[in-house]
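I opened this entry to record what I looked up, taking one topic at a time. The sequence and coordinates come before the notes.

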Amino acid sequence: MSGHPQRDPDRGSPTEPPEQVKPRTLYDRGVDRAAVNTFVRQQWDSSVVSSLSRLVEIPAVSPGFDPEWEANGHLDSAIGHVREWIEARGLTGAGTEVVRLPGRSPLLLVDVPATGDASDGSAETALLYGHLDKQPPMDGWSAGLGPWEPVVHEGRLYGRGSVDDGYSGYAAVTAIEALRSQGGRHPRCVLLLETGEESGSPDLPAYLDHLSERLGRIGLVVCLDSGGGDYERLWLTTSLRGMVQVNLTVKVLETGQHSGAASGLVPDSFRIARQLLDRLEDSATGEILLPELNVRIPDSRAAEARAGVEAAPGLVRGSVELPQGMRMVHEDEAELALNNWWRPTLTVIGADGLPHPAEAGNVLRSRTTLDLSFRLPPTADPDAALRAVRSTLERDVPYGAEVEFDHEEAGRGFNAPETAPWLSEALDEASAEVFGAGWRSMGLGGSIPFMGLLHERYPEAQFVVTGALGPRSNAHVPDESLDLDYAARVTSAVAYVLDAHARK
């Protein structure tokens, strides 16, 4: 099979690149890391790919896109399949449990006790996160490919949920298994695989509350739902934007009227909506005007953006393919990075009340509805932002038109804490021994709301937000695929980090 389209995911580009690879200085790990890497490769080849391929076959669409998810049972099938594979690993002392709160999508919890020789780091829990729900299938897959048809071609596993995020549970468990089999250490590890992430993780806060005592003191969070700008090195995500979404309806009439009779007497609802949007955004520049949606960008993050684009020119510009003659909003690539990673933006992602042009008559319509999606700076308060948007839109509406709101949503961003020395060293070593290139950090223009929630709950924890998403991954769109070689290397890197946490 050939001719797969070369789509790039909607991802950020790298920030500060620690290209230098440091030698080991803090401690001797004691684990045979070459054997760990070999074990990981063997497990991916002999067990992970086949089981993950069967997971791809399960149409476990996220609840937000499948109102009949409980009756359909696909989320339960996905959990059951992965649970069976994990239990077959035979990890001594490990327990698996399907946690199900009333009215909420289920969650798979895997609790693995610390290795017996773990040092004081074993008093802390390492929380590893992934999800098993998937985006809708979508039309437009290349010939020979399909959302529920796993195909391995040229080192990539194609199918919905392969890279986003079905591989994550396999990677986490294989990293633990590799350490145990090769004399390594790891702290107590709790793996949470939820089934609502693609719907915004609405149930995760309730599960974290429910499991708070069992989770204990979280010292490390590993999220495998992210990625980077290439497959040459390990990438860490240092920031994620928050989000606010709201449907705005402007109503001027109970029913539409002939435009010849009503125009000039009754204002057009779309014109009023345009005026209201001008309160939020400078339409000439895209600048968001509300102070509640803006923050001062930290100097360190601005420096990361500048260093990143200088080290890897084109990674920001190359993330989106433009039509002939179209220009991006700024010539400076570092400014583009900050626009995407830190500055607030408004996108009108949907509309109602507007008939298709082929069906439109000369009617002054009764109302216009716009679905407004704001991306917020990582450190902005999303609830304050939502309140500011609402109050701005409903204050002194022109002509006394009626303004209504629906489907309000607010999600917190994420700004990673400073990397601890033990973690930095582990990343340096993984970069040298697994990837052969220094690791880099980057921001993402998108949102993973639960990361901000976890940071708020566990402010003392170290965060490793990484993953296998990269060029041609095509998350959320046709031809989603996982680079199998890169996923195996990410798995080894996770093993390095867990071993370092146990010995720190």
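I am working from a predicted model, and I began with a pair of helices. On the H11 side I listed Trp 422, Leu 423, Ala 426, Leu 427, Glu 429, Ala 430, Glu 433, Val 434 and Phe 435, which meet Tyr 486, Arg 489, Val 490, Ser 492, Ala 493, Tyr 496, Val 497, Ala 500 and His 501 of H13. Sorted by class, the residues of this contact are 13 nonpolar, 2 polar and 3 charged.

Next I turned to helix H1, which spans residues 33-56 and carries a kink of about 50 degrees centred on Trp 44. At the start of H1 I also found a side-chain oxygen of Asp 32 within 3.3 Å of the backbone nitrogen of Ala 34.

Then I went through the sheets. In which order do the strands of the 4-stranded open sheet run? I read S11-S13-S9-S14, and the pairing is antiparallel. Strand S11 (345-352) and strand S14 (402-411) are at the edges with a single partner strand each, so one side of each has no neighbour in the sheet. On average, and with direction ignored, neighbouring strands of this sheet are turned by 20 degrees against each other.

Within that sheet I checked S9 (residues 242-251) against S14 and found antiparallel pairing over 8 bridges, with Asp 406 in S14 as the bridge partner of Asn 247. Helix H10 (residues 382-394) packs on the sheet and touches S9, S13 (367-376) and S14, and the direction of H10 makes about 170 degrees with that of S14.

I followed the chain into the loop between H10 and S14, where Tyr 399 lies. The phi of Tyr 399 is near 65 degrees, a positive value although the residue is not glycine. I flagged the value because most residues other than glycine have a negative phi.

The other sheet I looked up is open as well, with 3 strands in the order S15-S8-S16 and mixed pairing. Its edge strands are S15 (414-415) and S16 (440-444), each of which pairs on one side only. I noted that S8 (residues 235-240) pairs with S16 in the parallel sense over 5 bridges, and that Ser 239 has Gly 443 in S16 as its bridge partner.

Which residues does a cis peptide bond join? I found Asp 164 and Asp 165, with omega about 15 degrees, and I placed Asp 165 in helix H4 (residues 162-181).

Notes. Residues are numbered from 1 along each chain as its sequence is written. This is a predicted model: local features need pLDDT of at least 70, side-chain atom pairs count only at pLDDT 80 or more; totals for chains, interfaces and linings use all residues. Side-chain values use heavy atoms; hydrogens and water are left out. Contact means heavy atoms within 4.5 Å. Helices (H or I, at least four residues) and strands (E, at least two) are DSSP runs, numbered from the N terminus. Ala, Val, Leu, Ile, Met, Phe, Trp, Tyr, Cys and Pro count as nonpolar, Asp, Glu, Lys and Arg as charged, and the others, Gly among them, as polar. The bend at a residue is the angle between axes fitted to the seven residues ending there and the seven starting there. A polar contact is a pair of N or O atoms within 3.5 Å; within protein, one must be able to donate a hydrogen and the other to accept it, and residues adjacent in sequence count only if both atoms are side-chain atoms. Two strands pair if DSSP finds at least two bridges between them. Axes are lines fitted to C-alpha atoms, for helices over the stretch in contact, and angles run from 0 to 180 degrees between N-to-C directions.
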